[in-house]
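Here's a quick briefing to read with the model open. Have a look at the structure first, then work through the points.

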Amino acid sequence: MKRKKVRNIEIILIIVLLLVFLCSLCAGNYGNFREIVSFFVNKAVGLPIDSKLETVLINIRIPRAVASVVIGAALAVSGLVYQNVFSNNMVSPDLLGVSSSAGCGAALSILLGLSQHLRFVYAFIAICSAA
């Protein structure tokens with residue numbers, strides 16, 4: 001019985017993920033829900049499609065939505081690894097000083113007057129040195 005309940009929860013979460021993915025494709029000034037759905041239907045059937053909408057969806061919105069899903073999955077896996085390594089369900093990145101060292105690296109790059117891209121690099125180097 002418990003396994004069936006877990007399976008139902010998994011199915012519900014997958015459906016929610018797909019709905020949020022579809023809603024993220026509709027976010028923006030160009031293209032509403034109906035236009036997005038008709039775009040995919042027309043693309044599947046082979047009917048002519050709006051080239052501007054195709055450009056917006058293929059080059060901007062779909063990669064952004066896919067990246068969001070992949071990054072979210074990576075964060076979930078990293079949290080799971082942390083929990084399993086320390087055998088603690090309430091573990092956080094503060095345990096090893098990861099959050100503090102990232103902040104220290106970012107603050108150091110700000111004090112040095114580096115660009116924003118290098119702030120991420122400094123924060124990452126500080127995280128690696130702490131862990």
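This is a predicted model: local features need pLDDT of at least 70, side-chain atom pairs count only at pLDDT 80 or more; totals for chains, interfaces and linings use all residues.

Residues are numbered from 1 along each chain as its sequence is written, and side-chain values use heavy atoms, with hydrogens and water left out.

**Helix packing**
- Helix H1 (residues 2–26) packs with H3 at an angle of about 145°, their axes 9 Å apart; helices here are DSSP runs of H or I, at least four residues, numbered from the N terminus.
- Axes are lines fitted to C-alpha atoms over the stretch in contact, and angles run from 0 to 180 degrees between N-to-C directions.
- On the H1 side, Leu17, Phe21, Ser24, Leu25 and Cys26 meet H3 residues including Leu57, Arg61 and Ile62 (contact means heavy atoms within 4.5 Å).

- Val81 sits in helix H3 (residues 51–86) and is partly exposed, with a relative accessible area of 44% (buried means under 20%, exposed over 50%, partly exposed in between; 1.4 Å probe, protein chains only).
- Val81 and Ala27 are 54 residues apart in sequence and 33 Å apart in space, going C-alpha to C-alpha.

**Ser87**
- Ser87 lies in the loop between H3 and helix H4 (98–111).
- Although Ser87 is not a glycine, its phi is positive, at about 50°.
- Ser87 counts as exposed, at 69% relative accessibility.

Key: Helices (H or I, at least four residues) and strands (E, at least two) are DSSP runs, numbered from the N terminus.
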